[in-house]
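Here is a quick tour of a few spots worth a look. Have the sequence and the coordinates open as you read.

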6 protein chains.
Amino acid sequence: MPLYWVLRYTSGSGQADTESEEYDTHMQRMVDISDKGETVRIAVASGRIRLKEDTVAKLKNKEIKKGDALACAEVAAILAVKNTPDVIPMCHPVSIDAVEVEPSIEEGGVRVAVTVKSVGKTGVEMDALYGLSVALLTIWDMVKSEEKDETGNYPHTCIEEIMVEKKEKQLLMTETDIHP
Amino acid sequence: MPLYWVLRYTSGSGQADTESEEYDTHMQRMVDISDKGETVRIAVASGRIRLKEDTVAKLKNKEIKKGDALACAEVAAILAVKNTPDVIPMCHPVSIDAVEVEPSIEEGGVRVAVTVKSVGKTGVEMDALYGLSVALLTIWDMVKSEEKDETGNYPHTCIEEIMVEKKEKQLLMTETDIHP
Amino acid sequence: MPLYWVLRYTSGSGQADTESEEYDTHMQRMVDISDKGETVRIAVASGRIRLKEDTVAKLKNKEIKKGDALACAEVAAILAVKNTPDVIPMCHPVSIDAVEVEPSIEEGGVRVAVTVKSVGKTGVEMDALYGLSVALLTIWDMVKSEEKDETGNYPHTCIEEIMVEKKEKQLLMTETDIHP
Amino acid sequence: MPLYWVLRYTSGSGQADTESEEYDTHMQRMVDISDKGETVRIAVASGRIRLKEDTVAKLKNKEIKKGDALACAEVAAILAVKNTPDVIPMCHPVSIDAVEVEPSIEEGGVRVAVTVKSVGKTGVEMDALYGLSVALLTIWDMVKSEEKDETGNYPHTCIEEIMVEKKEKQLLMTETDIHP
Amino acid sequence: MPLYWVLRYTSGSGQADTESEEYDTHMQRMVDISDKGETVRIAVASGRIRLKEDTVAKLKNKEIKKGDALACAEVAAILAVKNTPDVIPMCHPVSIDAVEVEPSIEEGGVRVAVTVKSVGKTGVEMDALYGLSVALLTIWDMVKSEEKDETGNYPHTCIEEIMVEKKEKQLLMTETDIHP
Amino acid sequence: MPLYWVLRYTSGSGQADTESEEYDTHMQRMVDISDKGETVRIAVASGRIRLKEDTVAKLKNKEIKKGDALACAEVAAILAVKNTPDVIPMCHPVSIDAVEVEPSIEEGGVRVAVTVKSVGKTGVEMDALYGLSVALLTIWDMVKSEEKDETGNYPHTCIEEIMVEKKEKQLLMTETDIHP
């Protein structure tokens, strides 16, 4: 029974609005986390963008015309992590206590790992995955002119292997616990 | 006396900046809630949009050209609730722990109820009211071509009866309280 | 036939992905306005918030504790108008060339009219309606402590009569047309 | 030579600020598109999320607990497309004239195609790619409890094959061209 | 006479709402630019942040703990420029066709110049000034631990000399004009 | 050693990805505050905008054409404070418990002080500085037509003396502590 009707009943309004029942919706819902305790939560997401060897070489030598692609991706990803619940509809807003974005140039592309740490009631894997996606898209955007063919298409470029590498809960230890 | 001057005095800067006093402003202010304790807070807001009978029938039969109007309104409203303090200037940012958007087709329109649950220092009625407004406006937007007359105007469409149905505070009980 | 499949066919990829067809979605869609010409478009939306007589008197005398409620509502509404397509999912981004927010204190409440002017391909009634809703909600937020009863509820406060007053298209005349 | 110094010289300030030259930055830059003509631009991006067979079956039968995952992904993606230049740092703001999000359930996952149409000075492939990424992440978020193992991790879930399927420029034809 | 009343009269509703006239507001207003022609507009804003000599040396040697402060400031400023009308209430949304952020380390601090280029109906000096402010604040944030004294205060740090260096209008020349 | 690698080691994946090490990045990073305790934090930032004497007189007499500049600046600044971590890349999201914006007209300009109060793990000086910057820029925008010379330039206008006036930590005392 949806939360609204429960509230209606518990406050004694008793009589259901029968007309509204005929609409059987697969209702969207942000699940209730209000009774959950707070713990330290860490999530690491990683993925990669496949690039032309020539582009990879230019990235290594910092020869990309639009600027430092990896620095730009790091900043974009950190800003994105903090905006996850504004973009992914059912995500809860959480405190973001630390973010790290670690791009590494490898053969045939760039791999990025995003680590998010939070003290809160729900996991942060969506926040890490969203930051990671923005990092990879920003790299794509920065190397567009290197990756395009003569028709403006990208026959080679591809984002892939986006996964959650690790998710952990830890006991919350504040400064007061450590130095009482 | 405004907060800033209080701080000035308590830190002993003593001498008031007399020139600034001649501007008697009805100053905007986000009231101070820093000394309030945290409780569970629930608010339910409801309201309705008046539509043509023909549009109501199309909504029931999912024949709206732009897509599933009620599903779209639910998603838009949930995203909106999380953004309330970015839109309503003096609203405090609060944790949003649960949102439910419940549209119900009734005679002559659609009624929507939005329930917001938070653990925090201040009520969430503005958040519920804002989510509700966005839900109703999204429905309007989705049925625009059904509601417009030949001049592009809306002689019939109207949003009304936007009220706070219920506001409650509850004792905060976390998992640890329940299963110690 | 959806836009994507049309593109597939016109570019000769011929073979439909048969598996995907079994999902019959009431797909959301932002309708295509790319072939529409640009005209001047004006929309006026109006609505009102019902308030206690006492609150209305305080608004007239600028005695609201949180600050100048109507000035705050004007600013919030103008900012909101510019954000409409970020909130109402299927709204198109349009150029916003002028906005005016006109609150008027009347018996038993405040009436607000929002006028939006744009040069573009699609009407701006949703932008005016959204700005109006934010203006009325901001007024509510500014007079919360005046309107609340002892349980924190709002038995009297209500937003109503939100309508599109007028929508017009005009021929576009730029400075160059007028002073050639 | 950066734009700023060019402007300095053309306006005759002649004397360079020599001290500033010692910082050799790989400067970020939003490339100049002001002299480009406007054309109709279309981009289609597609990609997929790999899911457990069980989750795929629940998606088909609309048995996902959090709501209609695909409708939610469509709405999230359309909102995201309109926000691309707020997220991808060097992207230009463009008019978004049409968006379509087409999820299709297939063996072992969901494939999504996002089509963006714009009349403007620069391509919209980043906008389509960003909308697509948000659609796939929203599906992941909606099926989290179906995909998680007992440790809260996602050994199976993966986003992959994110590519630009097609990018096209077309001659701009407005209503006035077609019906003069 | 405000725009709304003009519209009322021209559409013949004749009878003024007399009650509303008693509220004499200094109404906020986004001025009407709908009849202005489009030209190329350029604005350059510059300003500086005063820093400790030690911090300046660390910036030069890229030894700031939080990361590359100037690259971060460039990205933040470019994103900010695109958001100006969401932050400065009466600013019009404009097309942003090029942005360049040029930090230069000088004696006793960092000077930043931001150049914005737009094709549109109104100047972009506010957009350049806002981008500049965000660049300088980002530098401050990146060197916080270097600038703070032992009480966490900043006796030395100061942002100053924020000015519009140059504002220009140019004739609009598109590719079609140049290569007909 | 970056957070990500630490996590890799502690979870025993042992083998480092050697290829990624050749990229020596000055990595951006949002520092980890998860183990900090919560205290009341207050920051006051102040600064001024230099204006023509004529403009200052018009501000005093509320004769600015675009509306009440100081009221508009107050609202813009309060909204901005709440958005600081969306704009300044490495800022942590914090609870904003009170904001006050205090403009004072003085000789040759307007001085603004912004006070931010938060209960949290990290200081709020960047939030106060950002709100202050937005207040000063909004004043500039409101008096543009008063300050411009005949070429559209601003030879006189300048934002300066942006400093952190005070930063304090206080013991957290909630209602429950005071009235047990």
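F:Lys169 sits in strand 5 of chain F, residues 158–170; helices and strands here are DSSP runs (H or I for helices, at least four residues; E for strands, at least two), numbered from the N terminus. With a relative accessible area of 61%, F:Lys169 is exposed. On this scale, exposed is over 50%, buried is under 20% and partly exposed is in between, using a 1.4 Å probe and protein chains only.

Which residues does F:Lys169 touch, leaving aside neighbours within four places in sequence? They are F:Thr39, F:Val40 and F:Arg41, where contact means heavy atoms within 4.5 Å. F:Val40 is 129 residues from F:Lys169 in sequence, yet their C-alphas are 5.6 Å apart.

## About the model

This is a predicted model, in which local features need pLDDT of at least 70 and side-chain atom pairs need 80 or more, while totals for chains, interfaces and linings use all residues. Residues count from 1 along each chain as its sequence is written, chains are lettered from A and ligands numbered from 1 in the order written, and side-chain values use heavy atoms, leaving out hydrogens and water.

## Positive phi

Most residues other than glycine have a negative phi. E:Glu161 has a positive one, near 60°; E:Glu161 lies in strand 5 (residues 158–170) of chain E and is partly exposed at 35%.

F:Lys62 also has a positive phi, near 50°. Look for F:Lys62 in the loop between helix 2 (53–60) and helix 3 (69–87) of chain F; its relative accessible area is 33%, so F:Lys62 is partly exposed.

How many disulfides turn up over all chains? The search finds 0, a disulfide being a pair of cysteine sulfur atoms within 2.5 Å. For C:Cys158, the nearest cysteine sulfur is that of B:Cys158, 10 Å away. C:Cys158 is buried, at 2%.

D:Cys158 has its closest cysteine sulfur in A:Cys158, 10 Å off and therefore too far for a bond. D:Cys158 is buried as well, with a relative accessible area of 2%.

## Where chain D meets chain A

Chain D and chain A each put 45 residues into the contact. Together they bury about 3800 Å², 62% of it on carbon and sulfur atoms; buried area is the accessible area (1.4 Å probe) lost on putting two parts together, summed over both.

On the chain D side, helix 3 (69–81), helix 5 (125–142) and strand 5 (158–170) each supply at least two residues. Helix 5 gives the most, with 11 residues.
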